[in-house]
Amino acid sequence: MRIHRITLRDVKGIRACELNLPDAGVVVLEGPNEVGKSTVVEALDLLLDPRARATSKAARVRALQPVGRDVGPSVEAELTLAGHRVRFSKQWLRQPRTELQLLAPTRELLAGDAAQQRFDALLEQGLDRQLWDALRFLQSGGPLVGGLCDSDALTRALDAAAGADLHSDQGEDLLSTVETEHQRYFTPTGRPARELKEAVRAAQHARDAAVDRHRAVHEVEQMSDRHEELSTRLAAAQARRAELTAGLDEAMARAGRAEEALRTLERAEAAEQEHAAAAARA
């Protein structure tokens, strides 16, 4: 199995994340604490686990849902598996779904149980489950469990590492290659060469830049949450203002009617006094 791409949406503290992996070499996930490195691997585990179906409500599935957000966590991966290039995705808890798209050598689109069953069959052919589980236990720091003796991939790797290749006629070529590579990065006295120093400096700058960007993203997320809170409060205040404005208009109308009644009363009293004065003169 080879992983080409992993995409996460609304998984724990990750709103959206896409990792594109090279076709060769070793991939290292590096970043500050709590940035989501373990979450990516955990989400991939659940995607590949036949027991973690889209309709599952297991505790480790529920743990993927972001705190305080009623959304459905989703994971998608593009893989080469058992000779097929596939794109497989699941969404849990809210509007659960499972989709499998075969990209090569033939094209096919499946959904639901049919997608899960077809993907499980491909996993059975293309993934050494015992080795995968063992690697995951080692990566998480947990205890190593049994089952490694049943791993064909691990057996072949150990045989190659301990075999006669290093003692064959090609051994000198291998040592020469190692020496050439060592001289590329270290001086004859064992100190880091210029290329290694520059690579270390570049790595440190990239790490610092990643930390700064992570901090900036975190600040933007905080401001976004604050903006959402203030927008909600503003909408409530505007609704209350409209209500109070309507009440004020009604009160002003009643005050106008009361003022007109008072003027009418004053005119009536004045007329009554004038009539009384006229009667007294008569």
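**Strand S4 and its surroundings in a predicted model**

Strands S4 and S5 run antiparallel and are joined by seven bridges. Strands count as paired if DSSP finds at least two bridges between them. The model is predicted: local features need pLDDT of at least 70, side-chain atom pairs count only at pLDDT 80 or more, and totals for chains, interfaces and linings use all residues. Residues are numbered from 1 along each chain as its sequence is written, and side-chain values use heavy atoms, without hydrogens and water.

The protein has seven helices and six strands. These are DSSP runs numbered from the N terminus, with helices (H or I) of at least four residues and strands (E) of at least two. Their order along the sequence is β-β-α-α-β-β-β-β-α-α-α-α-α. Of the 282 residues, 22% count as buried. Buried means under 20% relative accessible area, exposed means over 50%, and partly exposed lies in between (1.4 Å probe, protein chains only). The protein exposes about 19800 Å², and carbon and sulfur atoms supply 54% of it. Accessible areas come from the Shrake-Rupley method with a 1.4 Å probe; for residues, only the protein chains shown count as cover.

S4 also pairs with S3. Eight bridges join these two antiparallel strands. S3 and S4 form a hairpin with two residues between them, and Ala82 in the turn has a positive phi of about 55°. The hairpin of S4 and S5 has five residues between the strands, with Leu93 in the turn at a positive phi of about 70°. Phe88 of S4 is the bridge partner of Ala77. Leu100 in S5 is the bridge partner of Phe88. Six of the eight residues of S4 are buried, so the strand is largely enclosed by the rest of the structure.

Gln91 lies in S4 (residues 84-91). It is buried, at 14% relative accessibility. A polar atom of the Gln91 side chain lies 2.8 Å from the backbone oxygen of Arg94. Beyond four places in sequence, Gln91 touches Ala54, Gly72, Pro73, Ser74, Pro96 and Arg97. Contact here means heavy atoms within 4.5 Å. With the same exclusion of residues up to four places away, Trp92 has contacts that include Leu46, Ala54, Leu64 and Val75.

Trp92 also belongs to the largest nonpolar core. Of its 31 residues, Leu8, Leu44, Trp92, Leu100 and Phe119 touch the most other members. H1 gives the largest share, six residues. Such a core is a set of buried Ala, Val, Leu, Ile, Met, Phe, Trp, Tyr and Cys residues joined through side-chain atoms within 4.5 Å.

His4 sits in strand S1. It is buried, with a relative accessible area of 8%. Its contacts outside four places in sequence include Leu19, Asp23, Glu78 and Arg85.

The whole structure holds 20 salt bridges. Each is a side-chain nitrogen of Lys or Arg within 4 Å of a carboxyl oxygen of Asp or Glu. Arg5, Glu76, Glu78, Arg85 and Arg87 are linked in a network of them. Arg51 and Asp49 meet at 3.0 Å, N to O. Arg51 is exposed at 68% relative accessibility, whereas Asp49 is buried at 7%. Glu195 and Arg184 pair at 2.8 Å, N to O. This pair links distant parts of the chain, Glu195 in helix H7 (residues 194-281) and Arg184 in helix H6 (residues 171-185).

How values were computed: A polar contact is a pair of N or O atoms within 3.5 Å; within protein, one must be able to donate a hydrogen and the other to accept it, and residues adjacent in sequence count only if both atoms are side-chain atoms.
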